[in-house]
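Please look at the sequence and the predicted model shown here. The paragraphs after it go from the inside of the protein to its surface.

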Amino acid sequence: MEENKTINEEAVDQAAENACCEDTAEEGKKKCKKGDRESKKEKKALEEKDAKIAELEQKLSEEHDTYLRMMAEYDNFRKRVTKEKESIYSDSLCDTAAQLLPVMDNLERALDAETDKESSMYKGVEMVMKQCMEIFTKLGIEEIEALGKQFDANVHNAVMQDSDPDKGENEITAVFQKGYKRGDKVLRYAAVKVNS
């Protein structure tokens with residue numbers, strides 16, 4: 001029953017379309033031509049819309065690409081600024097510590113010169129020396145090991161040569177001035193005597 005109803009409706013619609021085009025009167029021909037023109041206009045409008053959509057999609061793609069590039073540049077800039085800040089901090093810390101190294105040397109000389117190890121003068125200088133070493137340790141500054149080690153031109157400065165047969169070749173036999181470093185950065189090279 002429902003199938004018959006659907007078939008009847010389709011037949012009525014088809015008959016109405018055919019009646020439009022089969023009408024032999026002038027008015028019927030005009031309606032058919034008018035329908036063709038409207039159909040061509042609709043096709044043209046659809047083509048224009050498709051072209052506009054394609055153009056907008058291309059612009060969106062270009063803007064998205066520009067956005068991604070800008071974000072990448074910003075990320076690189078942010079990383080570079082962070083790295084520069086860290087570098088400035090590290091460099092200024094190392095420069096300040098290097099200025100304090102002669103003071104450390106003088107404190108060591110004062111301890112070496114004092115013969116009475118029980119005097120208040122010796123104990124006071126020793127306390128100041130320990131306090132300075134603790135601060136250096138907190139800042140990551142450490143003494144470069146030298147005595148008895150192999151000579152390394154990256155951290156040692158050979159100022160004299162020795163020829164002791166009991167020592168190994170390129171072994172450091174004496175330290176004239178202690179060297180210090182922070183991480184890989186050398187604040188002051190250790191002045192040493194090297195066996196040859």
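Setting aside neighbours within four places in sequence, Phe 136 is in contact with Ala 97, Leu 100, Leu 101, Met 104, Ile 141 and Tyr 180. Phe 136 belongs to the largest nonpolar core, which has 14 residues. Within this core, Phe 136, Ile 141, Tyr 180 and Leu 187 touch the most other members. Helix H2 and helix H3 (120-138) each supply at least two of the core residues. Which element gives the most to this core? The answer is H2, with seven residues. Another core lies apart from this one and has five residues, including Ala 146, Ile 172, Ala 190 and Val 194.

The overall layout can now be set around these cores. The protein has three helices and six strands. Read from the N terminus, the order of elements is α-α-α-β-β-β-β-β-β. Of the 196 residues in the protein, 17% are buried. Among the contacts between residues at least 6 apart in sequence, 58% join residues at least 24 apart.

Two of the strands form a hairpin. Strand E4 (residues 180-182) pairs with strand E5 (residues 185-188) in the antiparallel sense, over three bridges. Lys 181 has Val 186 in E5 as its bridge partner. Two residues lie between the strands of this hairpin, and Gly 183 takes a positive phi near 65° there.

Charged side chains make further links. Side chains of opposite charge can pair when their charged atoms come close. The count of salt bridges comes to 11. In one of them, the side chains of Asp 91 and Lys 185 meet at 3.3 Å, N to O. This pair joins distant parts of the chain, with Asp 91 in helix H2 and Lys 185 in strand E5, 94 residues apart. Are these two residues buried, exposed or in between? Asp 91 counts as partly exposed because its relative accessibility is 33%, and Lys 185 counts as partly exposed because its value is 35%.

Lys 178 and Glu 143 form another salt bridge through their side chains, at 3.5 Å, N to O. Here too the pair links distant parts of the chain: Lys 178 is in the loop between strand E3 (172-177) and E4, while Glu 143 is in strand E1 (residues 141-143), 35 residues apart. Lys 178 has 26% relative accessibility and therefore counts as partly exposed. Glu 143 is also partly exposed, with a relative accessible area of 35%.

A further salt bridge joins Glu 145 and Lys 149, with the closest N and O atoms 3.3 Å apart. Glu 145 counts as exposed because its relative accessibility is 56%, whereas Lys 149, at 38%, counts as partly exposed. Asp 75, Arg 78 and Lys 79 are linked in a network of salt bridges.

The last topic is the surface. The accessible surface of the protein comes to about 15700 Å², and 52% of it belongs to carbon and sulfur atoms. A nonpolar patch on the surface is formed by Tyr 67, Leu 68, Met 70, Met 71, Tyr 74 and Phe 77, which together have about 640 Å² of accessible area. One of these residues, Tyr 74, lies in helix H2 (residues 26-113).

Technical notes:
Residues are numbered from 1 along each chain as its sequence is written. This is a predicted model: local features need pLDDT of at least 70, side-chain atom pairs count only at pLDDT 80 or more; totals for chains, interfaces and linings use all residues. Side-chain values use heavy atoms; hydrogens and water are left out. Two strands pair if DSSP finds at least two bridges between them. Helices (H or I, at least four residues) and strands (E, at least two) are DSSP runs, numbered from the N terminus. Buried means under 20% relative accessible area, exposed over 50%, partly exposed in between (1.4 Å probe, protein chains only). Contact means heavy atoms within 4.5 Å. Accessible areas come from the Shrake-Rupley method with a 1.4 Å probe; for residues, only the protein chains shown count as cover. Patches are made of residues with over 30% relative accessible area and no salt bridge: like charges are joined within 9 Å, nonpolar side chains (Val, Leu, Ile, Met, Phe, Trp, Tyr) within 5 Å. A salt bridge is a side-chain nitrogen of Lys or Arg within 4 Å of a carboxyl oxygen of Asp or Glu. A nonpolar core is a set of buried Ala, Val, Leu, Ile, Met, Phe, Trp, Tyr and Cys residues joined through side-chain atoms within 4.5 Å.
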